[in-house]
Amino acid sequence: MTTRAAVGQACVFLLKTPPTPFASAVDAIKRDAKAGSTTQCLRADGMTDAVNDFRAMIDKIPALAWSCRPDGTTEFLNQRWLDYTGLSMEESLGWGWQAAIHRDDLGTLMDTWLRVLASEEPGEEEARLRRFDGKHRWFLFRAVPVRDPQGRVVRWYGTNTDIEDHKRAEDQLRRDERELRQIVDAIPQAIVVLAPDGRPLYANEVLLEYTGLSLEEVQTGGFRALFPDDVETARHERQKGLERGASFQLELRTRRKDGRCRWFLVHYRPLRDEQGHIVRWYATGTDIDDRKQAEERVRNENLALREEIDRSSMFEEIVGSSEALRRVLAQVAKVAPTESTVLISGETGTGKELIARAIHRRSSRSTRAFIRVNCAAIPSSLIAAELFGHEKGAFTGALQRRVGRFESADGGTIFLDEIGEIPMETQVALLRVLQEREFERVGSSQPISVDVRVLAATNGDLKAAVAAGSFRQDLFYRLNVFPIRSPSLRERADDIPVLVEYLMERYAEKAGKKLRVIDTRTIELLQTYDWPGNIRELQNVVERAVVLCDGDTLSVDEAWLKHEARAESSRARVYEVKLGRLAPERERGMIEAALAESRGQISGPYGAAAKLGIPRQTLESKIASLGINKYRFKVG
């Protein structure tokens with residue numbers, strides 16, 4: 001160190017040796033003062049004051065500071081270090097500071113320190129430092145080298161920073177993370193955590209157990225667990241979903257560890273930070289293989305059923321060319337492409353369902369479901385659950401949730417046959433479906449929206465039912481948007497020859513017979529008959545004739561039709577007078593006769609209501625008002 005100064009001027013020092021700790025600097029100043037080397041340019045006590053100020057600053061900084069020689073031995077520790085550990089300067093110098101280090105951490109700390117000394121580069125390590133009261137806290141030890149102009153390390157400066165709270169937070173975070181992973185692993189679903197770009201970061205135990213893959217294989221394998229044929233489609237669809245940044249789902253086939261594949265529904269949901277940026281994607285997989293298999297079976301059964309119907313059932317073909325039938329077909333052609341509700345009326349056995357199917361097949365819904373419901377065949381107490389479904393526990397016997405007919409027909413057509421038999425309370429729910437396109441399952445208050453076209457049919461007089469109060473007027477007008485009347489077979493006498501030929505071929509094929517000719521007398525007989533049972537009755541007569549026929553010519557015994565005509569005439573005479581015009585006793589007698597003939601059955605095509613030609617609700621009201629015990633007519 002050299003100085004140049006004039007009396008009364010400040011002195012400037014040019015340091016030509018590496019800087020020394022202020023303790024060494026004080027000693028050097030004292031030595032120079034004793035030697036008188038600075039008497040002309042600087043007062044020693046002034047320099048001592050500056051060094052003392054520097055030392056006070058080092059002692060006050062909010063860190064434990066120290067310095068070491070090039071060999072790593074300590075030559076200075078600030079007052080904070082001494083106060084914290086309770087050691088004196090003399091106890092701490094050299095390697096004495098090791099006494100304040102936790103014994104479990106000393107080996108690791110010394111290994112790191114020796115490695116840093118050898119590298120002559122900055123370094124750091126974490127270790128627990130003992131406080132003066134004997135408690136240990138975690139500290140971050142940092143050291144940086146000081147070099148001379150030639151680049152040689154001449155000293156090390158370091159600090160110890162308290163990181164106890166940070167370590168505790170890290171430990172808590174690790175515990176929380178372990179607990180969260182345990183929870184995720186316990187969830188009976190396959191779960192994968194993805195980076196914002198879709199890279200797998202974590203997979204729970206369910207997925208690893210199912211696929212037989214390790215976590216590393218999931219992280220690096222991408223789509224390894226997927227069915228090979230689905231990989232490209234899954235990659236493309238998933239990338240599109242990730243780019244949109246919103247929740248999405250995919251149906252994928254995933255390979256089990258035994259090589260078999262099952263269908264999974266995978267839901268992807270984003271996790272966003274406070275700024276709205278996606279930081280993670282969570283993917284959960286639900287096994288839907290049983291559902292997919294059931295759907296496949298249903299599709300196959302529907303295809304087979306459609307093929308069978310197309311081959312063998314007359315109810316997918318309208319046979320005939322009479323004027324009455326052509327008028328109906330013209331109406332079908334006009335209304336089919338629309339979404340209008342259709343009410344089909346006509347006598348029993350005239351093929352009202354046939355007309356409904358024709359409307360469906362010519363509509364835009366032809367590829368979707370056609371659901372038929374015979375309202376008269378379902379007990380009034382269960383018809384709401386049948387139409388709209390029910391929740392588990394909604395009533396006695398409701399052991400599980402069931403989807404109703406309207407839900408099954410979503411996107412397609414529902415055909416409500418014998419609509420007049422629906423109870424008043426169910427008519428309200430049906431009206432809501434027609435008006436608002438939504439309903440509620442029995443036992444639920446959650447509305448369900450459906451897109452269903454409604455076709456209805458009746459063989460009764462709904463206007464009379466409205467007048468009698470057994471059918472809602474508003475529902476009638478909702479149903480009667482486009483009325484179609486199905487003509488009776490009496491009005492289609494010209495179609496009887498072609499119908500007989502059609503039915504003969506069908507039944508002959510089933511019976512394994514070859515019939516080529518229809519007896520002329522038989523055609524004349526069939527065309528003159530009144531056909532109260534319409535086409536259904538004609539089917540029965542032709543089938544009986546095919547069974548009894550021995551040759552290749554179909555013929556019908558006239559006695560069959562005379563017997564049917566006498567029976568029908570007898571029934572007509574019994575019920576030809578309207579019940580409302582009779583005295584109570586005669587009315588009671590007619591109702592009891594009908595109940596006896598139907599064996600106590602009220603609804604349905606063979607029930608007492610049908611025999612009397614009145615709605616079921618009207619008959620039940622009359623039974624109650626007249627005090628008739630309907631149960632005494634039941635058999636068994």
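Predicted model: local features only at pLDDT ≥ 70, side-chain atom pairs only at ≥ 80, totals over all residues.
Residues are numbered from 1 along each chain as its sequence is written, and side-chain values use heavy atoms, with hydrogens and water left out. The chain has 24 helices and 21 strands (DSSP runs numbered from the N terminus: H or I of at least four residues for helices, E of at least two for strands).

**The chain as a whole**

- Of the 636 residues, 41% count as buried (under 20% relative accessible area, with exposed meaning over 50% and partly exposed in between; 1.4 Å probe, protein chains only).
- The accessible surface is about 36,000 Å², and carbon and sulfur atoms hold 50% of that (Shrake-Rupley method with a 1.4 Å probe; for residues, only the protein chains shown count as cover).
- Among contacts with a separation of 6 or more, 57% join residues 24 or more positions apart (contact means heavy atoms within 4.5 Å).

**Nonpolar cores**

- In soluble globular proteins, nonpolar side chains tend to be buried together.
- The largest nonpolar core here has 30 residues, and Phe406, Ile414, Leu416 and Ile419 touch the most other members (a core is a set of buried Ala, Val, Leu, Ile, Met, Phe, Trp, Tyr and Cys residues joined through side-chain atoms within 4.5 Å).
- At least two residues of this core come from each of β14 (370-374), α13 (383-388), β15 (413-417), α15 (424-436), β18 (453-458), α16 and α17 (473-479).
- α15 gives the most to this core, with four residues.
- Leaving out residues up to four places away in sequence, the partners of phenylalanine 406 include Leu387, Phe388, Ile414, Leu416 and Leu430.
- A second, separate core of 28 residues includes Ile518, Leu526, Val542 and Val546.

**Cavities**

- Searching the whole structure turns up two cavities of 30 Å³ or more (on a 1 Å grid over the protein atoms alone, a cavity is a set of points where a 1.4 Å probe fits but cannot get out; lining residues have an atom within 4 Å of a point).
- The largest cavity has a volume of about 230 Å³ (the space filled by probe spheres set on the grid points, which are joined across faces, edges and corners).
- Its lining has 17 residues, with Trp66, Trp97, Leu109, Trp113 and Phe141 nearest the centre.
- The largest share of that lining, four residues, comes from α5.

**Helix α6**

- Helix α6 (residues 164-186) has 23 residues and spans 33 Å from its first C-alpha to its last, close to the 33 Å expected (1.5 Å times one less than the number of residues).
- Glu164, Lys167 and Val184 of α6 are buried.
- The cover over the buried residues of α6 includes β5 (123-130), β6 (136-147) and β7 (153-162).

- Glutamate 353 is found in helix α12 (residues 352-361), and counts as buried because its relative accessible area is 18%.
- Beyond neighbours within four places in sequence, glutamate 353 is in contact with Arg372 and Phe415.
- Alanine 465 lies in helix α16 (residues 462-468), and is buried because its relative accessible area is 4%.
- Not counting residues up to four places away, alanine 465 touches Ser470, Phe471 and Pro615.
- Alanine 465 and glutamine 617 are 152 residues apart in sequence, yet 8.7 Å apart in space, C-alpha to C-alpha.

Note on methods. 1 Å grid on protein atoms, 1.4 Å probe; cavity = no way out; pocket = protein on both sides within 12 Å on 5 of 7 lines; lining within 4 Å.
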